[in-house]
Each structure stands twice: as structure tokens, then as C-alpha cells.
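This report describes selected features of the structure shown below.

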Amino acid sequence: MENREESLDQLPATLLATVMTKLDMASLFSLASTCRTFRGCASHILTFLPNFELLDIAPTINLLRPLLPSNPFLRSLKVDCGRLDDSAINLLVHPSLQELSLYNCVDFSGKLLSEIGANCADLRHLYLDSIAEKRGRAIHISDLEELLSGCTQLEELVLMFDVSLFLRHNFAWVWALASEKLTSLEIGYVSSVMVTELLSPNVGSHQPSNHLRPFVLPSIRKLCLSVDYITDTMVGAISKGLTNLIHLDLRDAPLIEPTITYDLTNAGLQQINQHGKLKHLSLVRSQEFLITYFKRVNDLGLLLMADKCANMESIYLGGFCRVTDSGFKTILHSCSSLFKLRVSHGTHLTDLVFHDISATSLSLTHVTLRWCNLLTNHAIENLVLNLGLKVLDLRDCKSLGDEALRAIGSLTELKSLLLDGSNISDSGLSYLRGRVINSLSSLSVRGCKRLTDKCISALFQGSSKFVLQELDLSNLPYLSDNGVLALAKCRIALTELRMRHCPLIGDTSVMALASNQVDEENRYGSRLRLLDLYNCGGITQLAFRWLRKPYFPRLRWLGVTGSLNRDLVDALARNRPYLHIACHAEELGTNQWNYSDSLFMHDYDEMDELEQWLLEEEGVNIDDEDDIMNVENHAEMFR
């Protein structure tokens, strides 16, 4: 090793730096862990690296400090801030930044906003998630004011938190300070009244009665809002105030049944797209808190809206329970440029919607029909005439069966197929074998209760070239360890595998997955980044021994039943301090940033090297091999 380091020292530093600047962060840290020369070069590179992304782990301030030295060339910074607070602001706020994305900022106060405004005048893109969600943290309207007045070049702003908790006072007037270059705005939650006040050039509630406010946000082209109620008044204010809008995404989640004043009606739909520029429209009523729908909208409303939607390319309608086939067909026949169609809770949607779809000029590539229980196999047989379909989401369409799978078998370009809760069988899945299964990157058969261990061979037998990365086998009462053993023998390089609520899944499944080698490096369980085993009936203490290192080297998310043995969970968390362990039935996913008290943190991909480098800074020893079984001996069982 010494000779190797001496030879590396003889290489020109500029050559090493040039090569290493081409690497992503994970590869850079992996290379830095190999020798002192590369480690020193990596440390130097961090002083002029233009892009820094650390979303795979949530570092402490002590771990982050050596990774973010003074760097006048830093343009893009993305960090998971789940273990940081206001004391880390000076590390995160750089005057040279043009893009800043900070996730899981629950322990930060509004000071983060004001400091960004004071120090990042050249910022173009800003994403802030979950700010001040921890008790005792607060955001003041002055913090937002400093942010908007200081970031004069801002083009995209995403505030993924509840602004209505902190920023009601003078909220509308402060936005007059926003950059004229701002074209995209997304807010995690805001009341419809605040939105209406923001976009209406009338008298503000906290300003002199003779002081009229001009239109704000004149350049906005994309608006995404989650609100308490989608109302006619709010929709009208958006349509009149934002004349350049091409992307509108509105979602509400009522706590109580809306009155007519706080609801969307046919009259509100008629106001949408008054300027004819919209390309994407999403109107969704979530049932997160209450089972409720857009009960004041019917076919007439969609007919009135369709007159102005000829150029629409993407439409998502969720919760329109009084709209029938006639209303949805109006959309299909009026929007000739449509390629994305999503409908959820379409309680009156039937096969007739797609009966004459061949008569249209549509070339649909993305279709979601979720909770549309009146749809049968005949609808899918007509829908698949769009041979270019790449995404097909049919979750909770309970009347779909094997004949639908036979039709889907003709879609050779399909990348994502979601069939949760459908009435399919093992033999029906064989229709996907070959062309379809070889093109899929994501497949979900969650809750398809008729499936057994035979579904694995029905899907994968006889195929060898898989691109499948995400597989959901949750809530299958007849799936056992034998099915997982068959899956392991197929050597599919899965990155996400969900098997929650499978009572027959046990320790043998974990051992098979841990010993599985799917790449040329022969690393155990090498590709899995997410493994969900929550409420699997056969998981015991033995499985936890196989969840420790060196098995599953890239694992980032793990779902288990915490009540099984909390001491085992805690011990695993100590062994893998950067693993996210979920014990309370929460859904796992790499795009979720809602960490509860039951989550611990971990690495993935080449994060073992990053973990090693970071923990060395704190002098932490995470190697604990006392009860890890011999890798080679047990691996022989599954080869």
C-alpha cells in the first residue's frame, strides 16, 4: 500500500483533481476512502466543487462541516437537514449559490429564510422542506419578507410547509417584493382565503383602505398549491391574476364537508384557462381527513371547461363523483394533444369512456385510473390501443382480472404497471412474461389476494434480461418464503422490494435476499436500497442478524415490526447508524421526507465508504461483528 501511495503521489495533482471532479458525491467519497492521497485530493476538491448533493444520509453538523469548506465556486447545494438546526445555517448559506435544496428542516426556524435572503442574492432555485415543524420553532412574516426582497434573481420557489401557521399577517403584501423573474411557485399548504387575497388587487386587511395593491407574481407560469378548500373564488383569482400560467396543480383535503361558498362548482370550472395557455391541469380532492368529493361539479362543468382546453397535454381529475362517462369523454375528444390522463375516485367512470377511443387522435403515454371500481377488462382492451403507453396505474380497480393482463401484454414500451387490489391470478401474470416484464422498471401487485408463490415463476421464468428495479408484493396472504427463494434465484437487480403484511414471509426470505448476488462484484443483497418487511409473520431474531453488515451494503430504508423486539431494532440502528428503520407501519420511499421518531438513518449505494469517512471524523467505531454469521458459509446455501 505504501508503494502504491508513493506512486500516486507522483501523479500531477491537477490530473487527479480533473478526474475526480467528474465524479458524483458517492463515487468521490468511495475513492477518497481508498488511500491518503485520494483523501487529500478529495478534501481539496471540496473547496471548488460546483455541485454538492448529500440526500442519502442526514449528517450532523460535525459531519457536515469538513464536507462544506469555504467554496466560492459552489453553485448547487442539496442536503437532508434532518439532524441539523439553526446552528448549521452558516454552513448551508453560500453567496455563490444559484440552487439550494434543503429537506427535512424540522428543527430550523424562520431565521433560515432571512439568512438566505441576506446572503444568496444570486439564487435561482430554492426548495425548503418542513421548516419549523418541531415544537418551539417559528417563522415570522419578516423572515419571508427578507427572503423575497433579498433573492432578486429567484426563478423557482418551493416552500413545502404550512405557511398559514406563521405567515397570515400581511402575507399578500409581502409577495409584492418577489422577483419579477419568479416563474414557478409551490407551497406545501396555504388557506384558499390567503391565496385569494394574494392574487386579488384589492385592499389588504392590514393596509389603509385607500391603498390598492397591484397584481403580484406577473411572470408565474407554474403554480402548485395544497389548500384547505378549492373554491370558485380562488380559481377565479388565479385565472384572472396569472395570465401566463401553463401549469396549475391544486389539491385540497377538507376537514369538514364544504359549503357552497367554500367549494368548487361548474361556475368555477368555467373560469379555468381563460387565457388559453394551460398545458397541465390538476384538480384533486384528497380524502386524507374526510371521505368527500366535488359534489357540485357534474358533466356540464367539464363540458364548459373543455371548450378552453384544446391544447391541454396533461389532466388529473380526482374526486369528481358526479361526473359520468359523458363528461370524461368530452375531455378525451376535446384535448387532441393529451398524453397524460389521470382520474381517481371516478365513481361513475365505466368502460364506455374508452369505447371509441380509437376514433380520437390521442397518443396517451401515461394513464392513471385509480379507485374506478366500475371499470372492467373491456376498458383496458380498448385503452391499450395506445401502444405507446409507458405508465399504467390501475390501483384499486377491483373488477380487473386476467383478461386485462392479456391486453396489457401487448404494451412493449410499458415501464410502470400498478395493479394493486385487482382480481388477477398467477396464470394471468404469465401474459406479462417476455416482452412486457423485460421492459418494466416498476411493478406492483399489492393486495392481489389470489396470488401465490407461483406468481414469481409466472412472471420471470424463461426471461433473463430484466430492468425491473421496484417490486411490491405486499399484502399477499399466500406468498411464502418459497416464493422469495424463487425470486432470489432469478437474480433480478431490484433496488426496492416491498413485502409488508405477508404472514408467511419469514427469516428464510431475509437470508435468501441477504445472500443473493446479482452483480459482478458478488456483493450480498447488493442492489437493494429499500426493503419493507413490516408485519411479516415469520420474522424473528435470526433475521436481524442477516440485516446487519456486511449484508445489504446499499440498504437505506428498512421496514420492520417494532413490537417484535425493540432491543433488536435499537441494536441494528447502532450497527448501521445511517439506516432509516421504520417500525410504525409508515410507508417507505426515497422521495418521502417525513421522518418520525421511529426512523433511524443509514447509507446506500456506495455510502459505506462515505459513512466510514464521516464517522472517522468523530472517532466512532461502528464495526460490531460479535453475532454476525460467517458470510461465505451461509452464502453457499443459496448459490
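## Loop between β11 and β12

H345 is located in the loop that joins β11 and β12. In this predicted model, the phi angle of H345 is positive, about 55°, although the residue is not a glycine. Its relative accessibility of 13% falls under the 20% limit, so H345 counts as buried.

H355 also has its place in the loop between β11 (340-344) and β12 (366-370). With 56% relative accessibility, H355 counts as exposed. The C-alpha atoms of H355 and N382 are 6.4 Å apart in space, while 27 residues separate the two in sequence.

## Overall composition

The secondary structure of the protein comprises 25 helices and 20 strands. The protein has 639 residues, of which 55% count as buried. Among contacts with a sequence separation of 6 or more, 75% are between residues 24 or more positions apart.

## The largest nonpolar core

The largest nonpolar core contains 191 residues, and those with the most contacts inside it are F52, I116, L144, W175, L217, I408 and L531. Helix α19 (residues 454-460) contributes the largest share of this core, 5 residues.

Beyond its neighbours within four places in sequence, I116 is in contact with V93, L100, L123, L126, L128, L147 and C151. L217 is found in the loop between α10 and β7 (222-227). Its relative accessible area is 5%, and L217 is therefore buried. The phi angle of L217 is near 50°, a positive value in a residue other than glycine.

## Packing of α7 against α8

Helix α7 (residues 111-119) and helix α8 (residues 141-150) have axes that come within 7 Å and cross at roughly 20°. This angle is under 35 degrees, so α7 and α8 are roughly parallel to each other. Their crossing is left-handed.

On the α7 side the contact is made by K111, L113, S114, I116 and G117, and on the α8 side by D143, L144, E146, L147 and G150. By class, these residues divide into 4 nonpolar, 3 polar and 3 charged. I116 and L144, which take part in this contact, are also among the residues with the most contacts inside the largest nonpolar core.

## Packing of α10 against α11

The axes of helix α10 (residues 192-199) and helix α11 (residues 232-241) are 9 Å apart, and the two helices pack at an angle of about 30°. The pair is therefore roughly parallel, and α10 passes α11 in a left-handed crossing.

In this contact, S192, V195, T196 and L199 of α10 meet T233, M234, A237, I238 and G241 of α11. The contact of α10 with α11 has 5 nonpolar and 4 polar residues, and no charged residues.

## Packing of α20 against α21

Helix α20 (residues 481-489) packs with helix α21 (residues 507-515) at an angle of about 5°, and their axes are 8 Å apart. The angle makes α20 roughly parallel to α21.

The residues D481, V484, L485 and A488 in α20 meet T508, S509, A512 and L513 in α21. This contact of α20 with α21 has 5 nonpolar, 2 polar and 1 charged residues.

Technical notes. Residues are numbered from 1 along each chain as its sequence is written. This is a predicted model: local features need pLDDT of at least 70, side-chain atom pairs count only at pLDDT 80 or more; totals for chains, interfaces and linings use all residues. Side-chain values use heavy atoms; hydrogens and water are left out. Axes are lines fitted to C-alpha atoms, for helices over the stretch in contact, and angles run from 0 to 180 degrees between N-to-C directions. Helices (H or I, at least four residues) and strands (E, at least two) are DSSP runs, numbered from the N terminus. Angles under 35 degrees count as roughly parallel, over 145 as roughly antiparallel, 65 to 115 as roughly perpendicular and the rest as oblique. A crossing is left-handed if the near helix is turned anticlockwise from the far one by less than a right angle, and right-handed if clockwise. Contact means heavy atoms within 4.5 Å. Ala, Val, Leu, Ile, Met, Phe, Trp, Tyr, Cys and Pro count as nonpolar, Asp, Glu, Lys and Arg as charged, and the others, Gly among them, as polar. Buried means under 20% relative accessible area, exposed over 50%, partly exposed in between (1.4 Å probe, protein chains only). A nonpolar core is a set of buried Ala, Val, Leu, Ile, Met, Phe, Trp, Tyr and Cys residues joined through side-chain atoms within 4.5 Å.
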